[in-house]
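Welcome, and thanks for taking a look at this one.

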Amino acid sequence: MQTTFLPPSSFSAAAAIPDMASYEALCAFAERDYQGYWGKLARENLAWRVPFTRVLDESNAPFFKWFDDGKLNVSYNCLDRNLENGNGGKTAIIFEADDGAVTSITYKELHAKVCKLANGLRARGIAKGDRVVLYMSMSIEAVVAMQACARIGATHSVVFGGFSARALHERIADAGAVAVITADEQLRGGKRLPLKSIVDEALALGGCECVRNVIVYRRTGGNVKHAAPRDIWLHDLMDGQSDVCEPEWVNAEHPLFILYTSGSTGKPKGVQHASGGYLLWTALTMKWTFDIKPDDVYWCTADIGWVTGHSYITYGPTVAGATQVIFEGVPTWPDAGRFWETIEKHKVSIFYTAPTAIRSLIKACETDPKVHPKNYDLSSLRLLGSVGEPINPEAWMWYYRNVGQERCPIIDTFWQTETGGHMITPLPGATPMVPGSCTLPLPGIMAAIVDEAGQDVPNGQGGILVVKRPWPSMIRTIWNDADRFRASYFPEELGGYYLAGDGAIRNKDTGYFTITGRIDDVLNVSGHRMGTMEIESALVAHPLVAEAAVVGKPDATTGESICAFVVLKQARPEGDAAKALAAELRNWVAKEIGPIAKPKEIRFGDNLPKTRSGKIMRRLLRVLAKGESVTQDVSTLENPAILEQLAKAL
């Protein structure tokens, strides 16, 4: 029996979608007139320079087009409309630096900064259709850079500031970027971490001759190398530029951004999103899921290097005209009360964070009672959210009781880089909440659970999560790889449905969805998707490693941790030698990909469990990683004795 929590009646009374009857009416509209539904929403929520007459073009499925004979500009919708609506003097961003210093900026000031940078980019020859890579820390300047690219029709590709030079190089080269916008250093947890020097290292690897400009935000004043005329300080580029910039009016299908995400093969996938459909869904989900109000102070703790930072920091809050907090630091520095202190200081009313952060703060409270949320004034909160991975019921309950004080609805949002915005989530004023369940799809999202032949499975039976109809904010293609896009997301055996890559199950009584985990070789570590092949490739690149297999292992804090099984080109080490080599390999992976990809556990073996045809039996490695005994049939294994060795090889 599922434990259900009803939205507070006071919340529902003022909510954008106040009850289940309103939700069901929207769903019925979408079912009855799919194109009419989306067309009405697009006309009501976005400003169009050239109005569209065609809602959805399905003639070249799965390469769907939305509103494709209309023209608009994303930056205009996010900024100019706020000035026109009288929001110019409203605070757009409250920036909380790592050291606690606070800087605020109004919509008028944000608009001026974006226009100056957009004019500066144009002066450097950057134009519509060019790709610009951003490798930046959390800052007002990062939002300005993304919006400036959108303003001139340049397609941005943000790379998380924790990725290595090699990973950055791969993304710059694949995108064919003409410019990189970065910072001298970033500040995290009281430490200075290099950015510009990593960009220099990435460009020195070769194959990035397309980059003609490196624009550097002076964040810390740290020493960096300057290669003229390629390199220029951000403030110098903006100095003397006009604070008026005519937007580049682009087709609704114009690529707004490319965001690289890990796949089950080694090469990251450049997920390409279009301008019109993507912005529509961020605007709608800000209204529906976050129930945004004019006086809210909204805080999403994500990084702009991930899609959450795109949709729910850079674009969603600004198109909604919201005041938001942007945070540079980490939740545990200078102590684990930092989140609660920030909510108290800025009177945050909507708080959106990851289960990993919640679980780490639960653990911190157990060791240091002073950082418990009960010691802070969190009375400003009215809505809590969870993002990045399914939240386990125990963490949900702690969040609900200790942070929301049993009066704040929790939106447990399921979505992906590829979906552009929320797909399955409670509506805070309407949906009865069940801890651990993302509940029901948003109106117009035709989610279902099917078997491997694409047939619907009954409620209560697990299967593969799919979306049966295209929706405006969906991935348009994989950059420069249409075949991989079709094979990855619209496999023939599923009959044209979008494959989410996750398993799910629906409750027999309520029909609520619960996500059960990835069905491919992609791990979800602290809400960050990491491809197993990418980590394996990094390990095998080490001169001592002959072979490696990477699997996920349940982890109480990060949700999933990385466990690597490694075969060396030399004798298998034991004791201190094994520990030393494991540490060396972890650091190697951090250098090749980034610290987030470091295996938590490395086990050395003389071989890996393989079938007689040479296929590694990863399902058996997952069992070993959990510390469980192998009970499955191993008759197809060429070397069953290796299982006992790997089970002991801690």
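Let us begin with a definition: a residue is called buried under 20% relative accessible area, exposed over 50%, and partly exposed in between, using a 1.4 Å probe and protein chains only. By that rule Asp 200 is buried, its relative accessible area being 19%. This is a predicted model, in which local features need pLDDT of at least 70 and side-chain atom pairs count only at pLDDT 80 or more, while totals for chains, interfaces and linings use all residues. Residues are numbered from 1 along each chain as its sequence is written, and side-chain values use heavy atoms, with hydrogens and water left out.

**Salt bridges**

A salt bridge here is a side-chain nitrogen of Lys or Arg within 4 Å of a carboxyl oxygen of Asp or Glu.

| Pair | Closest N and O atoms |
|---|---|
| Arg 230 and Asp 200 | 3.3 Å |
| Glu 389 and Arg 359 | 3.2 Å |
| Glu 406 and Arg 401 | 4.0 Å |

Start with Arg 230, which forms a salt bridge with Asp 200. This pair joins distant parts of the chain, 30 residues apart: Arg 230 sits in the loop between strand 11 (213–217) and strand 12 (231–233), and Asp 200 in helix 8 (residues 196–204). Helices (H or I, at least four residues) and strands (E, at least two) are DSSP runs, numbered from the N terminus. Arg 230 counts as partly exposed, at 23% relative accessibility. Both residues also belong to a network of salt bridges that links Lys 196, Asp 200, Arg 230 and Asp 231.

Next comes Glu 389, whose salt-bridge partner is Arg 359. Here too distant parts of the chain are linked, 30 residues apart, with Glu 389 in the loop between strand 19 (383–386) and helix 14 (393–403), and Arg 359 in helix 13 (residues 355–367). Glu 389 is buried at a relative accessible area of 10%, and Arg 359 is buried at 10% as well.

In the last pair of the table, Glu 406 is partly exposed at 48% relative accessibility, and Arg 401 is partly exposed at 48%.

**Helix 18**

How many of the 8 residues of helix 18 are buried? The count is 6, so helix 18 (residues 618–625) is mostly covered. Those buried are Arg 618, Leu 620, Leu 621, Val 623, Leu 624 and Ala 625. Among the elements that cover them are helix 16 (532–540), strand 28 (545–555) and helix 19 (642–648). Just after helix 18, Gly 627 adopts a positive phi of about 80 degrees.

Conventions
Contact means heavy atoms within 4.5 Å.
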